[in-house]
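This report describes one protein chain for a reader who is new to structural analysis. Please keep the sequence and the model in view while reading.

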Amino acid sequence: MEERIRQIQGQSTDTEIEVFDGLPHGFGLGEGTVAEGWLDNAAAFWEKQMNGRRQ
C-alpha cells in the first residue's frame, strides 16, 4: 500500500496513509488499539478534500 501511495503522490494527488503496527487490514473502529481515532482522521481528510473542490 505504501508503494501505491507513493505512485498516487507522484501524480500530485493529495494523499495520507496511516500504518498501524501489529494490526491487520480491517480493524474496525480501532477502539482500544493503536488505531483508535483513525476514523476521525479519515473524515477530516475527506472534508479537506471536499472543501478544496468547492473553491
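Among contacts in the chain between residues at least 6 apart in sequence, 18% join residues at least 24 apart; contact means heavy atoms within 4.5 Å. The model is predicted, so local features need pLDDT of at least 70 and side-chain atom pairs count only at pLDDT 80 or more, while totals for chains, interfaces and linings use all residues. Residues are numbered from 1 along each chain as its sequence is written, and side-chain values use heavy atoms, with hydrogens and water left out.

**The chain as a whole**

Two helices and zero strands make up the secondary structure of the chain. These elements are DSSP runs numbered from the N terminus, with helices (H or I) of at least four residues and strands (E) of at least two. The radius of gyration is 13 Å, well over the 10 Å that the globule rule gives for 55 residues, so the chain is more spread out than a compact globule. That radius is taken over C-alpha atoms, and the globule rule is 2.2 Å times the number of residues to the power 0.38. Along the principal axes, the C-alpha atoms fill a box of roughly 40 × 25 × 15 Å.

Of the 55 residues, 13% are buried. Buried means under 20% relative accessible area, exposed means over 50%, and partly exposed lies in between (1.4 Å probe, protein chains only). The chain exposes about 4700 Å², and carbon and sulfur atoms supply 50% of this area; the areas come from the Shrake-Rupley method with a 1.4 Å probe, and for residues only the protein chains shown count as cover.

There are 5 positive and 10 negative side chains, and the centres of the two sets lie 12 Å apart. Lys and Arg count as positive and Asp and Glu as negative, while His and the chain ends are not counted. Each charge is placed at NZ of Lys, CZ of Arg, CG of Asp or CD of Glu.

**The loop between the helices**

Which residues does T15 contact, leaving aside its neighbours within four places in sequence? They are I5, I8, Q9 and F45. T15 lies in the loop between α1 (2-9) and α2, and it is buried, with a relative accessible area of 15%. The side chains of T15 and Q9 are joined by a polar contact of 2.8 Å. A polar contact is a pair of N or O atoms within 3.5 Å; within protein, one must be able to donate a hydrogen and the other to accept it, and residues adjacent in sequence count only if both atoms are side-chain atoms. Q9 itself is found in helix α1 and is partly exposed, at 41%.

S12 is also placed in the loop between α1 and α2. At 72% relative accessibility, S12 counts as exposed. Most residues other than glycine have a negative phi. S12, although not a glycine, has a positive phi of about 60°.

**Helix α2 and distances across the chain**

Helix α2 covers residues 38-54 and includes A42. A42 is buried, at 14% relative accessibility. N41 is found in helix α2 and is partly exposed, with a relative accessible area of 38%. The table lists C-alpha separations for selected pairs.

| Pair | Separation in sequence | C-alpha distance |
|---|---|---|
| A42 and E16 | 26 residues | 8.8 Å |
| N41 and E18 | 23 residues | 9.3 Å |
| Q9 and Q49 | 40 residues | 14 Å |
| T15 and G30 | 15 residues | 21 Å |
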